[in-house]
Amino acid sequence: MPLDLATLTLVAKPVTLDEGIRVLERDKYRCRYCGLDGTASFENALIMSVDFVVPRAHKGRKDPSNLVACCRPCNMIKGRRVYGSLEEAKTYVLARREDLRKAWELKRGRPLSQSA
Ligand SMILES: [Zn+2]
């Protein structure tokens, strides 16, 4: 199922559309950090992007081995930190997502549960 190319306007600037598509297709439009499936819905497709595992600011290469499919939230959480490997970045991103989920659940649990 080919995705609307509008999705790819979100590809990081230094990556061309062609390079972005190649990376997304290699990774089957699935976020390499959280596993979000970019083909599952329009909303998911919209937030897919391409991430530099080693950021360009730290001499990360514009090379397929340094590029992965990534959803925007994971990209934001990963930020500009530098990791030793994709695995290390993934561990950090997933742990941070879990923290955020717990904080969100706590917050949601309080006032909403009483008004229901
Ligand atoms: Zn993700």
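**Figure 1. Lys28 after helix α1.** In this predicted model, Lys28 comes after α1. The phi angle of Lys28 is positive, near 55 degrees.

Figure 2. Which residues of α1 are buried? They are Gly20, Val23 and Leu24. Viewed down the axis of α1, these buried residues fall within an arc of 95 degrees, so they line one face of the helix. They pack against β1 and β2. The face turned away from the buried side carries exposed residues: Asp18, Glu25 and Arg26.

**Figure 3. The largest nonpolar core.** This core has 20 residues. Val50, Ala69, Cys70 and Cys74 have the most contacts inside it. Which elements give two or more residues to the core? They are α1 (17-26), β1 (48-52), β2 (67-71), α3 (72-78) and α4 (86-109). The largest share comes from β2, with five residues. In soluble globular proteins, nonpolar side chains tend to be buried together.

**Figure 4. The surroundings of Cys74.** Leave out residues up to four places away in sequence, and Cys74 touches Cys31, Tyr33, Cys34 and Val93. Cys74 is also one of the residues with the most contacts inside the largest nonpolar core.

**Figure 5. The chain as a whole.** Five helices and two strands make up the list of elements. Along the sequence, their pattern is α-α-β-β-α-α-α. The chain has 116 residues, and 27% of them count as buried. Among contacts with a separation of 6 or more, 58% join residues 24 or more positions apart.

How values were computed
Residues are numbered from 1 along each chain as its sequence is written. This is a predicted model: local features need pLDDT of at least 70, side-chain atom pairs count only at pLDDT 80 or more; totals for chains, interfaces and linings use all residues. Helices (H or I, at least four residues) and strands (E, at least two) are DSSP runs, numbered from the N terminus. A residue is buried if 20 or more other C-beta atoms lie within 10 Å of its own, exposed if 12 or fewer, and partly exposed in between; C-beta atoms are placed from the backbone. Two residues are in contact if their C-beta atoms, placed from the backbone, lie within 7 Å. A nonpolar core is a set of buried Ala, Val, Leu, Ile, Met, Phe, Trp, Tyr and Cys residues joined through C-beta atoms within 7 Å. The arc is that of the directions from the helix axis to the C-beta atoms.
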